[in-house]
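I opened this notebook to record what I looked up in one structure. The entries follow the order in which I worked.

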Amino acid sequence: MNRLIAFGCSNTFGHGLEDCVTEDMQPGPTASKLAWPQLVADKLGLECHNQALPGASNKMIMNLVMNFPFAPKDTVVIMWTHSDRYHIFS
């Protein structure tokens, strides 16, 4: 099946949506099924792989993109975040 692969921060992850928030308002363990990547995938008849991470910087998003095992027919959407976020890899 063709896939929609989405990368981004908490907006793409769906943090705060009713199926993706804990009682103490922390992100849920998995991306929301109500977030835009899943809704777009459903409209296009694609399998959704939401790789977004709440709080992700552009550097982290790019690292996730560069290390993802893409298939030839994947549709990829990247939602960049604020430029002032940073990430230090160790």
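Predicted model: local features only at pLDDT ≥ 70, side-chain atom pairs only at ≥ 80, totals over all residues.

In what order do the strands form the open sheet? I found 3 strands in the order E2-E1-E3, with parallel pairing. The edge strands are E2 and E3 (75–78), each of which pairs on one side only. From one strand to the next, the twist averages 20°. I recalled that strands of a sheet pair through backbone hydrogen bonds, either parallel or antiparallel.

I then examined the pairing of E1 with E2. These strands run parallel and are joined by 4 bridges. Leu4 stands opposite Cys48 in E2.

Next I turned to helix H2. Which residues of H2 (residues 36–44) are buried? I listed Pro37, Gln38 and Ala41. Seen down the axis of H2, these buried residues fall within an arc of 95°, so they line one face of the helix. I looked up what covers them: the cover includes strand E1 (3–7), helix H1 (10–13) and strand E2 (47–50). Just after H2, I noted that Gly45 takes a positive phi of about 70°.

My last entry concerns the largest nonpolar core. I recorded its 8 residues as Ile5, Phe7, Cys9, Ala56, Met60, Ile61, Val65 and Phe68. E1 and helix H3 (58–66) are the elements that give two or more residues to this core. H3 gives the most, with 3 residues. I also checked the contacts of Met60: leaving out residues up to four places away in sequence, Met60 touches Leu53, His87 and Phe89. In soluble globular proteins, nonpolar side chains tend to be buried together.

Methods: Residues numbered from 1 in each chain as written. Heavy atoms only, no water. Buried < 20%, exposed > 50% of the residue type's maximum accessible area, 1.4 Å probe, protein only. Arc of directions from axis to C-beta. Contact = heavy atoms within 4.5 Å. Pairing = 2+ DSSP bridges. Axes fitted to C-alpha atoms, helices over the stretch in contact; angles between N-to-C directions. Core = buried A, V, L, I, M, F, W, Y, C linked by side-chain atoms within 4.5 Å.
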